[in-house]
Amino acid sequence: MLYEREKQVAIAAVTTAAQLCEQVRREQGSLAIAKPDRTPVTVADFGAQAIICQALGEAFPNDPVIGEEDSTLLRTQIEQLAQVTQYVQAYLPKATPESVAAWIDRGNAQVKSRYWTLDPIDGTKGYIRGDQYAIALALVEAGELKLGLLGCPALPVDLTQPDGERGVLFVAVRGQGATMIPLAGGAPRPIHVTDASEESLRRFARSIVSEHSNPTLQEAVVQAVGLTSPPWQLDSQAKYGVVARGEAALYLRLPFPITSEKRQNTWDHAAGVIMVEEAGGRVTDMYGQPLDFSFGAKLVNNQGIIASNGLIHEAVLAAVAQMAKES
Ligand SMILES: Nc1ncnc2c1ncn2[C@@H]1O[C@H](COP(=O)(O)O)[C@@H](OP(=O)(O)O)[C@H]1O
Ligand SMILES: [Mg+2]
Ligand SMILES: [Mg+2]
Ligand SMILES: [Mg+2]
């Protein structure tokens with residue numbers, strides 16, 4: 001099978017990173033430090049990036065990784081660097097503060113035709129709050145997504161059973177479909193988007209942090225296309241997983257204001273996009289253009305995200321175009 005080795009290395013690395021994140025959350029709770037842009041980062045973000053970059057570096061030494069974190073801030077925080085090193089040593093006993101910082105910085109490479117993109121914790125604010133987060137890893141070749149993984153340690157296997165089993169790993173390979181595997185171990189199960197024929201599935205997914213998108217406009221759009229059930233509000237790319245496995249018909253992430261020039265980070269979307277596509281859905285920007293992953297860190301050619309079951313995509317695009325004209 002194509003990408004079999006990449007898939008196995010990535011599954012092992014993301015699973016290990018998920019264990020590290022859960023252990024740090026149990027032991028450190030909401031502890032975080034602020035980055036220069038004032039967004040939070042934790043010992044677990046750094047530890048997960050170190051674990052995954054080390055594994056990718058060993059298996060695919062020529063592949064660059066474009067990751068969210070770097071070691072600049074961590075190198076000035078001796079205590080936190082020591083803690084990250086200690087957590088990483090549970091899996092890599094020879095790790096030192098210097099090697100941990102170097103593994104983290106493997107995630108700041110220059111983009112090449114083939115590259116990996118990594119968000120060691122997507123939804124850090126959710127992670128700190130005790131809610132959803134995802135470890136997101138994807139492989140891009142010549143601008144096309146080939147492999148995507150979303151480790152979601154806190155996501156219920158079934159969203160309607162919030163007290164049931166938690167912890168899933170979503171895996172998608174181009175042309176081979178999307179699957180969900182219990183993080184505790186078990187067989188992969190194929191997943192598919194919903195046909196949204198049942199009232200209960202006429203739901204959409206949105207961020208909890210309202211500043212990350214445009215909730216007012218999004219509400220108007222979903223009303224216009226008849227997604228009248230209350231939304232799933234989730235941090236992180238778990239939203240893409242929920243669309244891919246058919247629990248929501250749509251994930252909308254429209255910019256605020258709608259004319260904003262800000263661009264999305266590649267690592268906030270790559271793994272989620274291939275998950276929805278391989279589950280039978282469709283993902284475009286708010287103008288209906290495919291997302292262009294050929295640039296590296298930013299989706300410079302795209303604005304806004306629409307990830308749907310495919311069936312309602314054109315109706316959503318039309319509603320967004322109408323709202324954008326009016327606003
Ligand atoms: N003003 C903004 N607009 C859009 N995305 C933003 C944003 N500020 C932060 N983000 C991104 O939103 C991500 C979380 O998204 P969500 O709201 O879906 O959970 C963050 O990922 P990290 O948590 O990895 O930093 C961050 O990259
Ligand atoms: Mg992110
Ligand atoms: Mg992150
Ligand atoms: Mg962040």
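Predicted model: local features only at pLDDT ≥ 70, side-chain atom pairs only at ≥ 80, totals over all residues.
Me: What makes the chain a two-part arrangement, and where do the parts run?
Reply: The domain assignment divides the chain into domain 1 (4–190) and domain 2 (199–326). Their C-alpha centres lie 23 Å apart.

Me: How do you know which residues make the contact between domain 1 and domain 2, and how many are there on each side?
Reply: Two residues are in contact if their C-beta atoms, placed from the backbone, lie within 7 Å. The contact takes 33 residues from domain 1 and 32 residues from domain 2.

Me: Which element gives the largest share of the side of domain 1 that touches domain 2?
Reply: Strand S6 (144–156) is one of the elements that give two or more residues to that side, and S6 provides the largest share, six residues. By class, the residues of this side divide into 19 nonpolar, eight polar and six charged.

Me: Why is ligand 1 said to lie between the domains?
Reply: Domain 1 (4–190) and domain 2 (199–326) both give residues to the shell around ligand 1, so the ligand lies between them.

Me: What makes a residue part of the shell around ligand 1, and which are the closest?
Reply: The C-beta atom of the residue, placed from the backbone, must lie within 6 Å of the ligand. There are 16 such residues, and the closest are Gly-123, Thr-124, Ser-207, His-212 and Asp-235. S4 gives the most to this shell, with three residues, while H6 supplies at least two. The shell divides into two nonpolar, eight polar and six charged residues.

Methods:
Residues numbered from 1 in each chain as written. Chains lettered and ligands numbered in written order. Domains from an automatic or database assignment. Helix = DSSP H or I, 4+ residues; strand = E, 2+ residues; numbered from the N terminus. Nonpolar A, V, L, I, M, F, W, Y, C, P; charged D, E, K, R; others polar.
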